[in-house]
Amino acid sequence: MQLLLDLGNSRLKAVLYQNGQFQQLAFDSVAGLLKLPVTAAYLSSVATEQKTTELLQGLQAASFPTTQLHTEASAFGLINSYVEPQRLGVDRWLAMLGAYRSYPAARQLIVDAGTAVTFDWLEENRHLGGWILPGLQLQQQALLAQTARIHKAQQLMPNLAPGCSTSAGVENGALAAIIGAIRLGWQTTPAQQLLLTGGDAELLKSYLPDLPVLVDPFLLFKGIAQYIDN
């Protein structure tokens, strides 16, 4: 059994992997992960170097080794489109590996909706490129930080209706921007399948009923599993 770790911009996610099965873990601290009966840990990190180093140091007390994964120019048949492959976020790379192996399709659009929302197109075994834009919360934080007279009085559940308060206008506008970007991406570079992952994936899916959407919360971890199984 292996421990798969995803250190993102906002939090650490942990999953147990064994015999092709993934189990999401709830944990209070890294110390709790050290007691797990696993043989190895694998880490994906897009956090700062300091946060990544702190996590790796915390894992040194474990009885199992930890391997940090990095983006490659190609792996397991998948080709990275970046001129400087290492500059592609490892989270995007692993999500694409997971999609490539788990959901074969001639062309796919992968949208990871977290702190940032990333778009990546795959055609057969080749990455075509992608987009990066702020996620729901990051859009709102940027707007509130850079304007003097826009304030949010409360946290609402965003929807696509015209907002009748500043709070609703900000939240609904952020959602509209992401839904609009997905639809524009689907229109300009069509695909056969739309894969959603990340914390806001289910919310986005509810506004895309006419598209062939599949939500997979383990997509990145399926990419990590390629390094274990091959």
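Guide: Leaving aside its neighbours within four places in sequence, Ile 224 is in contact with Leu 4, Leu 5, Tyr 42, Ser 44, Leu 69 and Leu 94, where contact means heavy atoms within 4.5 Å. The model is a predicted one, in which local features need pLDDT of at least 70 and side-chain atom pairs count only at pLDDT 80 or more, while totals for chains, interfaces and linings use all residues. Residues are numbered from 1 along each chain as its sequence is written, and side-chain values use heavy atoms, with hydrogens and water left out.

Ile 224 belongs to the largest nonpolar core, which has 28 residues. A nonpolar core is a set of buried Ala, Val, Leu, Ile, Met, Phe, Trp, Tyr and Cys residues joined through side-chain atoms within 4.5 Å. Buried means under 20% relative accessible area, exposed means over 50%, and partly exposed lies in between, with a 1.4 Å probe and protein chains only. The residues with the most contacts inside this core are Leu 4, Phe 22, Trp 93, Leu 94, Phe 221 and Ile 224. Two or more residues each come from strand S2 (12-18), strand S4 (40-45), helix H3 (90-102) and helix H7 (219-229); helices (H or I, at least four residues) and strands (E, at least two) are DSSP runs, numbered from the N terminus. H3 supplies the largest share of this core, seven residues. Because domain 1 (2-68) and domain 2 (74-136 + 166-229) both give residues to the core, it lies between them. Apart from this core lies another, of 25 residues, among them Leu 175, Ile 179, Leu 203 and Val 215.

To the contact between them, domain 1 contributes 15 residues and domain 2 contributes twelve residues.

S1 and S2 are antiparallel and share six bridges, with Lys 13 in S2 as the bridge partner of Asp 6. A hairpin of four residues connects S1 to S2. Five of the seven residues of S2 are buried, so S2 is largely enclosed by the rest of the structure. S2 also pairs with S3 in the antiparallel sense, over four bridges, and Leu 16 has Gln 23 in S3 as its bridge partner. These two strands form a hairpin with two residues between them, and Asn 19 in the turn has a positive phi of about 50°. S4 and S5, by contrast, pair in the parallel sense over three bridges. Tyr 42, one of the contacts of Ile 224, has Thr 67 in S5 as its bridge partner.

A further site can be set beside this one. His 127 lies in strand S10 (residues 126-134) and, at 2% relative accessibility, counts as buried. The side chains of His 127 and Asp 120 are joined by a polar contact of 2.7 Å. A polar contact is a pair of N or O atoms within 3.5 Å; within protein, one must be able to donate a hydrogen and the other to accept it, and residues adjacent in sequence count only if both atoms are side-chain atoms. Asp 120 has Gly 130 in S10 as its bridge partner. Strand S9 (residues 116-123) and S10 run antiparallel and are joined by eight bridges.

Note on methods
Domains from an automatic or database assignment. Pairing = 2+ DSSP bridges.
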